[in-house]
Amino acid sequence: VVGEPNAALAARRRLLALRPTDAGERLALARALVAAGALSEATAVLRALVANAPALADAACELAALRA
């Protein structure tokens, strides 16, 4: 939901519940968490993604950006 980070975050959580192993959905959740200001949770999601889906370069880039 554009312009409503908390609504977008809730939507991402619902989608992830339907596809709990989908790395793309986890990345989208991390991005929604960043938009909502939940940086520590976003960092945790991204760390798990980097560990479990190392081929997903976007996750590593997003994690590096949060650390900067």
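Me: Is Glu25 buried or exposed?

Reply: Buried means under 20% relative accessible area, exposed over 50%, and partly exposed in between, with a 1.4 Å probe and protein chains only. Glu25 has a relative accessible area of 9%, so Glu25 is buried. The model is predicted: local features need pLDDT of at least 70, side-chain atom pairs count only at pLDDT 80 or more, and totals for chains, interfaces and linings use all residues. Residues are numbered from 1 along each chain as its sequence is written, and side-chain values use heavy atoms, with hydrogens and water left out.

Me: Where is Glu25 found, and which residues does Glu25 touch?

Reply: Helices are DSSP runs (H or I, at least four residues), numbered from the N terminus. Glu25 belongs to helix α2. Contact means heavy atoms within 4.5 Å. Not counting residues up to four places away in sequence, Glu25 touches Arg12, Leu15, Leu16 and Arg19.

Me: At what angle do α1 and α2 pack?

Reply: Axes are lines fitted to C-alpha atoms, for helices over the stretch in contact, and angles run from 0 to 180 degrees between N-to-C directions. Helix α1 (residues 5–18) packs on helix α2 (residues 23–35) at about 160°, and their axes are 9 Å apart. That makes α1 roughly antiparallel to α2, a term for angles over 145 degrees. Residues of α1 in the contact include Pro5, Ala8 and Leu9, and those of α2 include Glu25, Ala28 and Leu29.

Me: How do the residues of that contact divide?

Reply: Ala, Val, Leu, Ile, Met, Phe, Trp, Tyr, Cys and Pro count as nonpolar, Asp, Glu, Lys and Arg as charged, and the others, Gly among them, as polar. The contact of α1 with α2 has 10 nonpolar, no polar and four charged residues.

Me: How far apart are the axes of α3 and α4?

Reply: The axes of helix α3 (residues 39–52) and helix α4 (residues 57–67) come within 9 Å, crossing at roughly 145°. Thr43 and Leu46 of α3 are among the contact residues, as are Leu63 and Leu66 of α4. This contact of α3 with α4 divides into nine nonpolar, one polar and three charged residues.

Me: Is Thr43 buried or exposed?

Reply: Thr43, in helix α3, counts as buried at 15% relative accessibility. Leaving aside neighbours within four places in sequence, Thr43 is in contact with Leu63 and Leu66. A polar atom of the Thr43 side chain lies 2.8 Å from the backbone oxygen of Leu39.

How values were computed: Helix = DSSP H or I, 4+ residues; strand = E, 2+ residues; numbered from the N terminus. Parallel < 35°, antiparallel > 145°, perpendicular 65-115°, else oblique. Polar contact = N/O pair within 3.5 Å; in protein donor to acceptor, adjacent residues only side chain to side chain.
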